[in-house]
Amino acid sequence: MAERRVYRATTTAPVNIAVVKYWGKRDPKLNLPTNSSLSVTLSQADLRTLTTASCSASYPAEEGDSLVLNGEPSDVSGARTQACFRELRARRAALEAADPSLPKLSTMPLRLVSENNFPTAAGLASSAAGFAALVRAIADLYELPASPSELSLIARQGSGSACRSLFGGYVAWRMGEAADGSDSTAEQVADASHWPDMRALILVVSAAKKGVSSTSGMQQTVATSGLFRERIARVVPQNMAAMEKAIRERDFASFAEVTMRDSNSFHATCADTYPPIFYMNDVSRAAIRAVEQINAAAGRTVAAYTFDAGPNAVIYYLEKDTEAVVGTLYHVLGGDISGWKDAVVKGLKPSL
Ligand code: 2P0
């Protein structure tokens, strides 16, 4: 019976770690950023969200749309999630209007079931992979003829960094200029096979949820930091150009320097926010010193640190330097941080 039928689609989306950071919204409602950003999408074998979207006329209308995240019911009433649902439904409704023989999926309640394959204890923000998987699962369910670029436009409205997780490899989110956000989308700068020996490790300093959320942190920075204005006017445009060149030329020393400088610049604007925001702690700073020691001992740049809106370090390196980086990191930090060896997720590869 057609009305009992459950329509279903399943997809996965990977985590991405920015090397030029997104920090600041020029339009909080549409999630339009104050600057472009660039990230490496990590392999789904390591870190990903798996999402199944289903809809059916047999799902009770009064229950509405729902999401179960890692086995727990999760709220979908937030404006960001609602914006994603609305955009995807509108595209499906347009298909249905053009072809009346299509089932009216756009009118049916949606059920989403989502799971991360990385433990919460990895201390990773999951909103990027989460919204990317949510948007693609619903787009697949609705059989939308949407490109990754168009999906990135929708995922951006869920969480800014999610737009970058719709592409593999090395990905830029172009801030765009249009007031409606139509040109604020992600695009691939290079696929993973262009520079496949890139690796990342995550040093989990704390698995606790961050104190100041990214959304409110960046709003405070935009409102109060003078240094931030310098960052978006000059620092980020320079870093974007230098980073794209480093990736094009597979120049790790430049990639590393821009990555570290951009992380430092982002955290400096956090410290310049009033009242100041501190995401890094003493262990984070010990990790920075350890990377400097590793590079000094190697006599060249073999490792780059970067920190997001929390104390955990992500360290980029090349496969051939694994021993110099991972071995030395264990040696340098081993004495200082009790139990930290369990807190390293290493050998993460870029996704294909
Ligand atoms: C990034 N971060 O580029 C930067 C670096 C954190 C520091 O994107 O408000 O969760 O959902 O758009 O995407 C975290 O911010 O913020 C982030 P919303 P999001 O990866």
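Modeller: In this model, 15 residues surround the ligand, and the closest are Ala18, Tyr22, Ser159, Gly160 and Ser161. A residue is near a molecule if its C-beta atom, placed from the backbone, lies within 6 Å of it. The model is predicted: local features need pLDDT of at least 70, side-chain atom pairs count only at pLDDT 80 or more, and totals for chains, interfaces and linings use all residues. Residues are numbered from 1 along each chain as its sequence is written.

Biologist: How many residues of the shell are nonpolar, polar and charged?

Modeller: The shell around the ligand has five nonpolar, eight polar and two charged residues. Here Ala, Val, Leu, Ile, Met, Phe, Trp, Tyr, Cys and Pro count as nonpolar, Asp, Glu, Lys and Arg as charged, and the others, Gly among them, as polar.

Biologist: Which domains does the shell draw on?

Modeller: Domain 1 (2-191) and domain 2 (198-348) each supply at least three residues of the shell. Such bounds come from an automatic or database domain assignment.

Biologist: How far apart are the C-alpha centres of the two domains?

Modeller: The C-alpha centres of domain 1 and domain 2 are 27 Å apart. The contact takes 24 residues from domain 1 and 31 residues from domain 2; two residues are in contact if their C-beta atoms, placed from the backbone, lie within 7 Å.

Biologist: Which elements give two or more residues to the domain 1 side?

Modeller: They are strand S2 (16-20), strand S5 (37-41) and strand S11 (186-190). S2 gives the most to that side, with three residues. Helices (H or I, at least four residues) and strands (E, at least two) are DSSP runs, numbered from the N terminus.

Biologist: Let us change topic to the sheet. In what order do its strands lie?

Modeller: The order is S1-S6-S9-S7-S8, in an open sheet of five strands with mixed pairing. Strand S1 (6-14) and strand S8 (72-74) are the edge strands, each pairing on one side only. Two strands pair if DSSP finds at least two bridges between them.

Biologist: In which sense do S1 and S6 pair?

Modeller: S1 and strand S6 (residues 48-56) pair in the antiparallel sense, over nine bridges. Val6 has Ser56 in S6 as its bridge partner.

Biologist: And how many bridges join S6 to S9?

Modeller: Seven bridges join S6 to S9, and these strands also run antiparallel. Ala53 has Leu112 in S9 as its bridge partner. By contrast, strand S7 (residues 66-69) pairs with S9 in the parallel sense over four bridges, and Leu69 stands opposite Ser114 in S9.
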